[in-house]
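Hello,

Here is the structure we talked about handing over. Please open it first, then read the notes below.

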Amino acid sequence: FALTLFIITNTTFGQIDTAFVTAQKKVENAQKIPVSLSVLNANEIEKLQLNNIKDIKSIVPNFYSADPGDGRNVTSIRGIATTSYDPAIAVNIDGVNPFNLDTYIPELFDIERIEILRGPQGTLYGRNATGGVINIYTKQPSNTSSINASLLGGNYNQLTAKMGFRTPLIRNKLYLGLSEMYDKRDGFYQNKFTKKDYDYQYGLSGNYYIRYIASPNWDATINYKHRNYNNYGPFPLTMNANNGFELNQNATTIMKDKSNNASFVLHHKNEMMDIQFQSSFQDNYRYYTDML
């Protein structure tokens with residue numbers, strides 16, 4: 001039993017806050033651009049406890065995302081999806097597409113804004129945007145140092161721990177940002193053969209960057225993201241399950257998935273143009289090993 005008391009004082013009812021987005025590669029009012037999109041800000045992401053891209057499927061129209069059991073999201077917008085190595089939905093984090101073998105890094109932590117663009121976006125975003133685009137922007141540092149942390153728990157010993165730190169190294173010039181997320185949960189199935197959980201999972205993700213502002217017109221960012229994921233029972237073989245969530249089998253496997261994404265972004269803006277150069281190196285190493 002829980003009791004929640006809300007006290008509201010000095011409340012003013014009026015127009016909702018204006019959302020500014022970069023759906024068309026420039027900062028614009030979301031209500032004044034001819035694009036079908038949904039926008040989630042940092043407060044909404046925190047209140048809704050969104051930890052993975054698939055978590056937003058219940059609040060964004062015409063959007064669906066699910067995990068088949070191995071940590072890789074299959075995402076669709078307006079019914080357009082694919083499980084091939086060329087996804088139909090492009091995902092960009094801070095302007096860079098951080099993919100692994102045949103999907104993308106799906107964890108959400110230290111997020112400032114999420115934009116979901118529905119419909120073909122190939123003109124501005126190139127290939128892999130037939131169904132739409134998901135733009136994710138992490139929180140950027142300012143001249144004030146800040147740190148944030150959260151700890152969430154749930155059934156099946158689920159645990160999600162997040163931490164973010166941002167600080168200026170040289171005021172108005174050089175900035176540092178660090179954030180990490182650890183998540184784990186016990187398996188839903190018990191394997192009587194091994195007397196252990198069948199699909200225990202845990203992972204560690206990180207986002208680290210340095211931003212340098214050379215002048216009002218030039219800035220550069222060096223960024224590194226990673227995801228180390230371990231799944232004790234990918235693609236659960238539960239056809240012979242009895243008593244609901246019990247197995248008795250020797251088909252036991254650990255899937256290890258390691259993704260690394262290093263990028264360099266150079267940005268120039270003046271009265272006539274806004275140009276951004278991006279270069280990235282990405283590496284994914286996925287392998288299966290016997291648990292016994």
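Is F63 buried or exposed? F63 is buried, because its relative accessible area is 6% and the cut-off for buried is under 20%. Please keep in mind that this is a predicted model.

More on this residue. F63 sits in strand β4, which covers residues 63-66. Setting aside neighbours within four places in sequence, F63 touches I53, I56, K57, T75, S76, I77, I116 and I134. One of these contacts is S76. F63 and S76 are 13 residues apart along the chain. Their C-alpha atoms are separated by 6.0 Å.

Next, the whole protein. There are 2 helices and 18 strands. Of the 292 residues, 41% are buried. The accessible surface is about 16,800 Å². Carbon and sulfur atoms account for 55% of that surface. I also looked at contacts between residues at least 6 apart in sequence: 59% of them join residues at least 24 apart.

Which strands form it, and in what order? The order is β13-β12-β16, 3 strands in an open sheet with mixed pairing. The edge strands are β13 (196-197) and β16 (246-247), and each pairs on one side only. Strand β12 spans residues 190-191. β12 and β16 pair in the parallel sense, over 2 bridges. Within that sheet, N191 has L247 in β16 as its bridge partner.

Over to you.

Best wishes

Key:
Residues numbered from 1 in each chain as written. Predicted model: local features only at pLDDT ≥ 70, side-chain atom pairs only at ≥ 80, totals over all residues. Heavy atoms only, no water. Pairing = 2+ DSSP bridges. Helix = DSSP H or I, 4+ residues; strand = E, 2+ residues; numbered from the N terminus. Buried < 20%, exposed > 50% of the residue type's maximum accessible area, 1.4 Å probe, protein only. Contact = heavy atoms within 4.5 Å. Areas by Shrake-Rupley, 256 points an atom, 1.4 Å probe, with all protein chains shown as cover.
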